[in-house]
Amino acid sequence: MTVRVWDIENNKQTHSFKGNEAYVFCVKFLPYHYYNHHRNIICFSSYHKTIRFWDFKESQQLNVFIEHKSTIYDIEFSPFNSGRYLCFGSYDNTIRLRDVETSEVLHAFNGEHSICCIEFSPLQGNNNKSNSIGVIGGNGYTICSGSNDYTINIWDIETTKQLIGVKYGSNELGINGGENTILSGSWDETVRLIQWTFTSYVNAVEYSPFAINNIEIGGNSNVTCSGSSDNTIRFWDIRSNKTELHILKGDNKDRGIYCLKFLHLKKKEEKNKNNSGSDYNVNLCYGT
C-alpha cells in the first residue's frame, strides 16, 4: 500500500509515502508536469478505484480521480502532446481517456471483460479524420488492451471504435511488419508473437534491446523477454519456434516474476580513447 522511489545507481530508497489504504497496482512518472511545469509528479492507481497524483519532493497530493466502479489495474500516458492524456483500464470492463490538465473525461471505451493492461501504439498513420476526440492530437494513434476474456483488442483514438487486428512492435524491429506486431503473455502458458509453450503463467513480456544472428532467416533477429510465475525470466528469438535462448532464475524467496523493464544507464567510468563502444549499460529490472 506504499509508493517508493529508488535511486537505482546507488541502490537506495529516496522517498516513500502511503498513497491510500489499498493495494497500489501501477505507478508512473507524469511526463506532462515535468515538461510543462518542471515538477516531478507520480501517478498511481489502486484497488480503491482511484488514480492519485503526488508531488513526492513536496510530499503533497495534487489531484485524485475517482470515477470507476472497480479496481484500476493499469495506467499509461499519451506519447503525443507531452503526455497530457491519461489512459487507464479497469476491472469494470472500461478503458478511459482523460485530460490531465483539465481533469475532463474524453471518452470511455467499453470492453466485454475486465481490462488488465493497456498500451499506446507508436504512430501508425495520419488519416486526417475529424471528430470530437480528434482535438487532442491523437490522429493515427491506437490503444491496445488485454483483458480477462482471453482477447487483445485495438481501439482507434480518433474514431473511438474498436479495430480488428494486432499491432505494436517497434519500427526498429528487424522483422516483417515490425510496427504491426504485438507481444503478449498469458495465463494459458504461452507467449504470442510466435507461440512457445511454458510450464507456468506468463505475467510480463518485453522487447529486448538485443539482436542475434539467426541462421534460419539468414540475418539478424530480435530478442524478446518474458517473466513467469515459475520464477524465471526467459529470452526468445522472435523469429524462431525453438527453445528459449537463455533462462534467468529469480531468488528462491521470490514468488514469480510479475514485471520487466530494460534500463539504459550511463556508464560511470570514462570511456577509453580506444574504446568505440557504447556509453551506456543495458540493465534488466524486474519485480517479484
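This is a predicted model: local features need pLDDT of at least 70, side-chain atom pairs count only at pLDDT 80 or more; totals for chains, interfaces and linings use all residues.
Local features need pLDDT of at least 70, side-chain atom pairs count only at pLDDT 80 or more, and totals for chains, interfaces and linings use all residues. Numbering runs from 1 along each chain as its sequence is written, and side-chain values use heavy atoms, without hydrogens and water.

Side chains of opposite charge can pair when their charged atoms come close. Here a salt bridge is a side-chain nitrogen of Lys or Arg within 4 Å of a carboxyl oxygen of Asp or Glu. The count comes to six.

Start with Arg39 and Asp55. Their closest N and O atoms lie 2.9 Å apart. The pair links distant parts of the chain, 16 residues apart. Arg39 sits in the loop between α1 (31-37) and β4 (41-46), Asp55 in strand β5 (residues 50-55). Helices (H or I, at least four residues) and strands (E, at least two) are DSSP runs, numbered from the N terminus. Asp55 is buried at 4% relative accessible area, while Arg39 is partly exposed at 28%. Buried means under 20%, exposed over 50%, and partly exposed in between (1.4 Å probe, protein chains only).

Next come Asp99 and Arg84, with N to O at 2.9 Å. This bridge also links distant parts of the chain, 15 residues apart. Asp99 belongs to strand β9 (residues 94-99), and Arg84 to the loop between β7 (72-77) and β8 (85-90). Asp99 is buried at 5%; Arg84 is partly exposed at 22%.

Last, turn to Asp230 and Arg234. Their closest N and O atoms are 3.0 Å apart. Shared partners join Asp230, Arg234 and Glu244 into one network of salt bridges. Arg234 is buried at 13%, and Asp230 is partly exposed at 25%.
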